[in-house]
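Visitor: I would like to learn how to read a helix packing and a pocket in a model. Could you take me through one case of each?

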Amino acid sequence: MYDNDQLGYLAIVTNVAHGHAAALEPDTLSGINPYSSGYYTAVGLVARVLGIAPVTAWNSVSLLLQIIAFGTLGVSIAVVSRRPWAAVFGPLVMITGCGAWIQTGAWLLPINHQGALWGPFGVLFPQNGETAGLCAIVTGMALLGLALGRPQIPVNLRRLLILAACACAGAAANFQTYGFLTGAYVVSAAVAASALWHWRAARAAVASLVLLLVVVLVGPVVAGVGGTLAALVFGLIPMVPGAVVLVRRIGPAVIAYPLAYAACAAPMILSTLAVRDTPFMKYRVSSNIALGVTSWPTVGASAPLLLLMIAVAVAGIRRGDAIAAGVGTSFPIAWPLVALNDLWGANAEPYRFWIDAHLLGLVLLVLALARLSRPATAIASARRAARAWDPGTRGAHLRREAPESLPAPARGRRRPPVALIAVAALLWAMSLGDVYSYLRDTNIADTWDPGSESSKQIIAAAGEISPADGRLWSTACLDSRRVKILTGAPVARYHLGMAWPDDREAVDRAMQASEARSIDPEVLRGAQVRWVLTNDTCDPALQAPFEKIRTVGDVTLWELSG
């Protein structure tokens with residue numbers, strides 16, 4: 001499903017693997033590509049350096065990133081909870097659904113004419129830039145959870161872990177924009193709320209709620225003046241009071257962490273700002289219609305995680321864990337805020353934000369449960385470490401675990417929240433119905449083998465065409481998207497929602513001719529086509545002004561003269 005998008009992203013990888021620029025529209029190699037292509041550039045370089053097929057690099061790099069992300073999450077859970085067997089809960093996040101099978105009998109939950117909701121397994125399976133960006137954020141969250149979860153970690157190592165966490169989360173901006181912004185909302189809200197609970201900053205908490213109302217009321221105005229990106233940045237202001245509390249209590253040195261985050265995110269943010277007034281970007285903004293998630297099916301899919309988070313908040317407060325309390329109270333606010341962005345002006349594909357936030361919320365959930373599951377001896381150790389620091393010394397929290405400033409729990413409340421964990425496990429098991437439906441979906445089971453005999457024929461016939469030689473075109477008998485990936489040649493087509501070529505109207509006519517299997521020399525010349533690839537079992541033999549160059553199996557390459 002959505003293979004058109006994935007083939008477009010893979011075209012960027014193919015271009016880099018063949019030594020072409022990633023900054024151009026990936027199919028025609030003209031115009032500009034405003035899409036977040038940092039990850040695809042890296043994958044293309046891997047393919048070029050190692051001499052492997054782009055699709056092989058695509059699968060291998062993404063698989064490695066997923067192993068790192070959810071392996072790191074598992075290690076963090078095991079270390080923080082002091083239960084080595086708990087590491088298994090990290091990878092289990094990857095195969096969690098949203099309960100769509102209960103409502104529809106399928107693995108996804110349609111909510112409008114284009115959008116749909118699905119669980120983490122669905123967003124990780126494509127192995128694209130969104131997958132990679134979320135893996136970077138998950139890695140950062142796991143490192144942050146580890147840094148704040150063990151008081152015995154040396155101060156310099158703790159600082160390095162937090163810096164690495166910020167760098168990972170910031171780098172996600174160069175992988176995929178929506179995943180990066182979702183991470184910004186979810187993680188910053190958790191950090192800000194933890195600070196408010198930690199220092200019992202009641203006034204700052206009230207200020208955050210007031211600013212939340214301001215976002216809802218003023219967001220449409222900001223979007224009208226500054227656009228979608230400005231509105232999404234404006235939507236982060238409810239987290240500012242918590243950030244101010246952090247800086248005031250800890251000192252200016254803490255600013256180094258968000259600076260590291262911003263530095264890693266800057267390349268893509270700046271490049272996006274540079275092209276925001278182009279016709280393509282205006283089209284992207286105007287095409288974001290009817291993609292909201294305001295529906296009763298969405299409520300049903302959201303309820304399990306939201307209820308678990310509320311339970312985490314209660315457990316965190318009762319056990320005196322400010323971070324668990326912050327996670328549990330912030331996510332039920334941050335998730336609707338970012339996933340309902342169409343209601344307060346941003347209108348940036350809300351269903352994508354819902355999907356990404358669902359995954360990141362599950363990561364927060366297992367990290368919070370790890371904290372709440374610590375043995376009583378671990379909690380006592382954390383409190384002794386907290387008492388050892390001088391509350392008046394700025395930055396002292398970095399030498400020890402941040403003090404859990406909520407009231408100390410009664411002895412009976414130090415037991416792991418077994419009931420909460422059991423309910424979470426039951427809900428996870430129920431969500432596996434989505435995974436089962438997914439694996440039985442025939443559309444998902446359909447595969448494309450770039451190493452097949454037909455693919456080898458296409459490569460042998462047209463694999464030596466370079467951008468300087470002109471564009472390649474084929475009828476619908478040969479999928480030009482796959483021809484592009486196999487040969488690396490510029491083709492007369494483009495992906496409407498990704499980037500536009502300089503001569504978009506001429507390429508549109510060539511694409512229409514391809515679908516109609518109409519081979520019109522004038523239309524092809526208008527789209528700068530010099531080469532035509534035909535399938536001899538489907539397409540007719542061509543005549544002047546076409547000249548046969550070579551035939552490989554059932555595939556023939558023709559040159560259009562004049």
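**Helix packing and a pocket**

Guide: Let us begin with a crossing, bearing in mind that this is a predicted model: helix 1 passes helix 3 in a right-handed crossing.

Visitor: At what angle do helix 1 and helix 3 pack, and how far apart are their axes?

Guide: Helix 1, which covers residues 3–17, packs against helix 3, residues 54–81, at an angle of about 110°, and their axes lie 9 Å apart. Angles of 65 to 115 degrees count as roughly perpendicular, and helix 1 and helix 3 are therefore described as roughly perpendicular to each other.

Visitor: Which residues make the contact?

Guide: Helix 1 contributes Gln6, Tyr9, Leu10, Val13, Thr14 and Ala17, while helix 3 contributes Pro54, Val55 and Trp58. Sorted by class, the contact of helix 1 with helix 3 has 7 nonpolar and 2 polar residues, with no charged ones.

Visitor: Turning to the second largest pocket, what is its volume, and how many residues line it?

Guide: The second largest pocket has a volume of about 690 Å³, and 35 residues line it, with Leu308, Leu365, Ala424, Ala425 and Trp428 lying nearest its centre.

Visitor: Which helices each supply at least two residues of that lining?

Guide: They are helix 3, helix 4 (89–92), helix 5 (100–104), helix 15 (296–319), helix 17 (350–372) and helix 19 (418–439). Helix 19 gives the largest share of the lining of the second largest pocket, 7 residues.

Visitor: How does the lining of this pocket divide by class?

Guide: The lining of the second largest pocket comprises 25 nonpolar, 9 polar and 1 charged residues.

Conventions
Residues are numbered from 1 along each chain as its sequence is written. This is a predicted model: local features need pLDDT of at least 70, side-chain atom pairs count only at pLDDT 80 or more; totals for chains, interfaces and linings use all residues. Side-chain values use heavy atoms; hydrogens and water are left out. Axes are lines fitted to C-alpha atoms, for helices over the stretch in contact, and angles run from 0 to 180 degrees between N-to-C directions. Helices (H or I, at least four residues) and strands (E, at least two) are DSSP runs, numbered from the N terminus. Angles under 35 degrees count as roughly parallel, over 145 as roughly antiparallel, 65 to 115 as roughly perpendicular and the rest as oblique. A crossing is left-handed if the near helix is turned anticlockwise from the far one by less than a right angle, and right-handed if clockwise. Contact means heavy atoms within 4.5 Å. Ala, Val, Leu, Ile, Met, Phe, Trp, Tyr, Cys and Pro count as nonpolar, Asp, Glu, Lys and Arg as charged, and the others, Gly among them, as polar. On a 1 Å grid over the protein atoms alone, a cavity is a set of points where a 1.4 Å probe fits but cannot get out, and a pocket is an open set with protein on both sides within 12 Å along at least five of seven lines; lining residues have an atom within 4 Å of a point. Grid points are joined across faces, edges and corners, and a volume is the space filled by probe spheres set on the points.
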